[in-house]
Amino acid sequence: MPCYRCGARQTDPVRGASPWKRGVRDESQVLICPDCQRLHDLDLDACGTCGSTALICRLGEVECRACGAVRMAHAESFAGSGAPPGLSAEVEAALNRVLGRA
C-alpha cells in the first residue's frame, strides 16, 4: 500500500521498526511515509472522544490507540474504500460459511 498523500511505496527498513505510520482517513486505513509525516495538515480522521489522530481501522471498527475508544465505521465509507465491488458481500458469505452461520 503506498503513502496516501504522495504515492511513495514502502520499503523494508534496514533494522528496527518501520518509520511509516498508519492512520485513518475517511474511515479507511492509510499509510503515511516519513516525508509526509512532517506535514501538519495530514487531513486524518480524529477520535471523537479524545481528538487524537492515532486511529486504526479494522473489520468495520475504528479504534483510537490513544484512549482505546472503539466505534463502528460508517457503512457508506466501506462502499468507497477502494475495495472491489461486491467484496464485502463475498467476505461476509465466506465468514458465514466458515463460522456455520445460517
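Let's start with a pair of charged residues: Arg38 forms a salt bridge with Asp35, and their closest N and O atoms lie 2.7 Å apart. Keep in mind that you are looking at a predicted model. Side chains of opposite charge can pair when their charged atoms come close. Both partners here sit in the open: Arg38 is exposed, with a relative accessible area of 59%, and Asp35 is exposed too, at 54%.

This pair is one of 4 salt bridges in the structure. Another joins Glu27 to Arg71, with the closest N and O atoms 3.1 Å apart. Here the pair links distant parts of the chain, 44 residues apart: Glu27 lies in the loop between β1 (21–25) and β2 (28–32), whereas Arg71 belongs to strand β5. Glu27 counts as buried because its relative accessible area is 7%, under the 20% cut-off. Arg71, at 31%, is partly exposed.

Strand β5 leads us to the sheet. It is an open sheet of 3 strands in the order β3-β4-β5, with antiparallel pairing. The edge strands, β3 (55–58) and β5 (70–72), each pair on one side only. On average, neighbouring strands of this sheet are turned by 20 degrees against each other, direction ignored. Strand β4 (residues 61–64) pairs with β5 in the antiparallel sense over 3 bridges, and Glu61 stands opposite Met72 in β5.

Arg58 is partly exposed, with a relative accessible area of 38%, while Glu63, at 17%, is buried.

Conventions: Residues numbered from 1 in each chain as written. Predicted model: local features only at pLDDT ≥ 70, side-chain atom pairs only at ≥ 80, totals over all residues. Heavy atoms only, no water. Pairing = 2+ DSSP bridges. Helix = DSSP H or I, 4+ residues; strand = E, 2+ residues; numbered from the N terminus. Axes fitted to C-alpha atoms, helices over the stretch in contact; angles between N-to-C directions. Salt bridge = Lys/Arg side-chain N within 4 Å of Asp/Glu carboxyl O. Buried < 20%, exposed > 50% of the residue type's maximum accessible area, 1.4 Å probe, protein only.
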